[in-house]
Amino acid sequence: MKRGRIFSGARPTGRQHIGNYLGALQNWVKLQDDYNCIYCIVDIHALTSLEDTRNLQNNIHEMILDWLAIGLDSKKSILFVQSHVPEVMELHTLLSMITPLSWLLRVPTFKEKVKLQPDNVNYGLVGYPVLMTSDIVLYKATVVPVGEDQLPHLELAREITRRFNNLFSYTFPEPEGILTHYPLVVGLDGKEKMSKQAGNDIELALSAEETIEKIKTAYTDPARRYRTDPGHPEKCNIYKLMFYFNSTSISAIAEECKEAKIGCVDCKMILATAINKVLEPIREKRAELANNPKYITEVLSDGADRARVIARETLIEVKKNMKLI
Ligand code: SF4
């Protein structure tokens, strides 16, 4: 017996990297056994900051390949693209009528986005939390996996839900967050979060050789200018990544680093070998899936069909409760 329905989504950023894998995807795979999961590629959300959409379809395709390769299962979960179920946009319009503008203007990420894209402060950017709420409540999700930084968004979704239920009649369950510890995976430059834009990532789909080459470029402890310099593993990103991929030998590596018994080149090779070992079966599965584009289309189309059944039912209930029908 499953514990409830989960909704989670991600923007179509294309090929996924190990930051995505460690930060969310691994957890999504585990949740499939305990919950009815709906995982969505949120392409409409992407439009709030994307003016050039030429790569959008390709990004969606690459992303679903990675999702399936890491173990998201279209039999256990609903996997689909947000715009393939347009009911979400209808619900977004309806919920926007009951959401005070002041609630949206105080959202910290809105203020951040205004700074980041001052020439593209579009209407969708303000309404983003309403669309996010629509994503969740359209499918009557009861649980949303969140990192601590996303709690304010979820609270706003809960406020909108409560307001709707109070203004009309009880329609939506208030979504609960399950707090997940998402490790902050720092990029290979050691400076910021691993991301495609920063170019400091390791894509899951890279070959073993490409992975080794990427890791060779990684930033380590700056104190180790020479092989004989003692290191500070706690300041080194290679060491942090080792924790996720080669945790059994981590304490030995820390000691050897501190005593300058191991060089960074050797250490990077240990990490690259460990990452390649974990990614090998994922890459094989991905290559198999990439050879079968018909199957990928079917997965997304079947996911959208299953999502739409729930969406249509909810929307009829919403309209009845709002006396629109
Ligand atoms: Fe980092 Fe390993 Fe070099 Fe130590 S030996 S600084 S842990 S890469």
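In the predicted model, the shell around the ligand comprises seven nonpolar residues, one polar residue and two charged residues. The residues around the ligand are T220, D221, R224, C236, I238, Y239, C257, I262, C264 and C267. Two elements, helix 10 (237–245) and helix 12 (264–290), each give two or more residues to this shell. The ligand itself sits in the largest cavity.

A further feature of the model is the packing of helix 7 against helix 8. Helix 7 spans residues 123–138 and helix 8 spans residues 151–167; the two pack at an angle of about 70°, and their axes are 9 Å apart. Because angles of 65 to 115 degrees count as roughly perpendicular, helix 7 and helix 8 are therefore described as roughly perpendicular to each other. On the side of helix 7, the contact is made by Y128, P129, V130, M132, T133, I136 and V137. Helix 8 contributes H153, L154, L156, A157, I160 and T161 to the contact. By class, the residues of this contact between helix 7 and helix 8 comprise ten nonpolar and three polar residues, with no charged residue.

Notes
Residues are numbered from 1 along each chain as its sequence is written. This is a predicted model: local features need pLDDT of at least 70, side-chain atom pairs count only at pLDDT 80 or more; totals for chains, interfaces and linings use all residues. Side-chain values use heavy atoms; hydrogens and water are left out. Axes are lines fitted to C-alpha atoms, for helices over the stretch in contact, and angles run from 0 to 180 degrees between N-to-C directions. Helices (H or I, at least four residues) and strands (E, at least two) are DSSP runs, numbered from the N terminus. Angles under 35 degrees count as roughly parallel, over 145 as roughly antiparallel, 65 to 115 as roughly perpendicular and the rest as oblique. Contact means heavy atoms within 4.5 Å. Ala, Val, Leu, Ile, Met, Phe, Trp, Tyr, Cys and Pro count as nonpolar, Asp, Glu, Lys and Arg as charged, and the others, Gly among them, as polar. A residue is near a molecule or strand if one of its heavy atoms lies within 4 Å of it. On a 1 Å grid over the protein atoms alone, a cavity is a set of points where a 1.4 Å probe fits but cannot get out, and a pocket is an open set with protein on both sides within 12 Å along at least five of seven lines; lining residues have an atom within 4 Å of a point. A molecule sits in a cavity or pocket if more than half of its atoms lie within 2 Å of its grid points.
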